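Me: I have a structure to go through for my course. Could we look at it together?

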Amino acid sequence: DGIKERIIDESEVKHVECSGKGNVLIMDDDEDLRKILERILKRIGYSSVITANSREAFSAFIEAEKNEPFSTAFLDMTIPGDMGGKEVIKNLLIVRPSFKAVAISGYSDDPVMADPERFGFSAGLKKPFLKDEIIRVLNKLGI
């Protein structure tokens with residue numbers, strides 16, 4: 001579908017630089033999107049853990065806190081039959097109040113996407129997004 005194609009289309013990328021250091025949590029119900037985001041992050045120097053739902057995301061976050069805490073997370077706002085990113089970030093911030101996370105959604109009318117900071121996020125990315133947009137967000141977060 002168009003989202004997957006646009007994310008990996010690097011012909012439009014302006015080659016924005018980033019630090020490429022850190023461990024990133026990804027929560028999205030779309031397996032292809034998770035793998036593409038993981039691959040992009042790896043190419044620009046980040047390690048990541050991909051999860052499909054809130055249970056996996058919480059478990060990965062708590063485990064990472066013991067050794068190599070996540071630098072950030074990309075949390076999908078809508079996970080059918082499960083908590084979305086809006087609920088997940090509340091719980092992650094209880095564990096680490098300074099945690100910086102990115103809201104991701106294909107629904108532009110989602111109120112979180114209009115004002116991510118109000119909901120505990122440090123930034124938001126509307127799907128479909130390009131590699132350079134991912135890098136810009138990571139730079140904005142200082143990660």
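Me: Let us begin with strand β4. How many of its residues are buried?
Reply: Please note that this is a predicted model. In strand β4, which covers residues 101-105, five of the five residues are buried.

Me: Which residues lie on which side of β4?
Reply: Ala101, Ala103 and Ser105 are on one side, while Val102 and Ile104 are on the other. Both faces of the strand are covered. As a general point, side chains in a regular strand alternate between the two faces of the sheet.

Me: What is the order of the strands in the sheet?
Reply: The order is β2-β1-β3-β4-β5, and these five strands form an open sheet with parallel pairing. β2 (47-51) and β5 are the edge strands, each pairing on one side only. From one strand to the next, the twist averages 20°.

Me: Which helix packs on the sheet and touches β1, β2, β3 and β4?
Reply: That helix is α2, and its direction makes about 175° with that of β2. Helix α3 (residues 54-66) also packs on the sheet, where it touches β1 and β2. The direction of α3 makes about 165° with that of β1.

Me: Back to β4. How many bridges join it to β5?
Reply: Four bridges join these two parallel strands, and Ile104 has Leu125 in β5 as its bridge partner. On the pairing with β3 (residues 72-76), there are four bridges as well, again in the parallel sense. Here Ala73 is partnered with Ala101 of β4.

Me: And what is the bridge partner of Leu25 in β3?
Reply: The partner of Leu25 is Ala73. Strand β1 (residues 23-27) pairs with β3 in the parallel sense over four bridges.

Me: Which helix belongs to the β-α-β unit with β3 and β4?
Reply: Helix α4 (residues 85-95) does, and the unit is right-handed.

Me: New topic: at what angle do α2 and α6 cross?
Reply: The axes of α2 (residues 31-43) and α6 (residues 131-141) cross at roughly 65° and come within 11 Å. The crossing is right-handed.

Me: Which residues meet there?
Reply: From α2, Leu37, Ile40 and Leu41 meet Lys131, Ile134 and Leu138 of α6. The residues of this contact divide into five nonpolar, no polar and one charged.

Me: Last one: where is Pro128 found?
Reply: Pro128 is in the loop between β5 (123-126) and α6. A cis peptide bond joins Lys127 to Pro128, with omega at about -5°.

Terms used: Residues numbered from 1 in each chain as written. Predicted model: local features only at pLDDT ≥ 70, side-chain atom pairs only at ≥ 80, totals over all residues. Heavy atoms only, no water. Axes fitted to C-alpha atoms, helices over the stretch in contact; angles between N-to-C directions. Left-handed = near helix turned anticlockwise from the far one by under 90°. Contact = heavy atoms within 4.5 Å. Nonpolar A, V, L, I, M, F, W, Y, C, P; charged D, E, K, R; others polar. Buried < 20%, exposed > 50% of the residue type's maximum accessible area, 1.4 Å probe, protein only. Pairing = 2+ DSSP bridges. Right-handed = clockwise from strand over helix to strand, strands pointing away.
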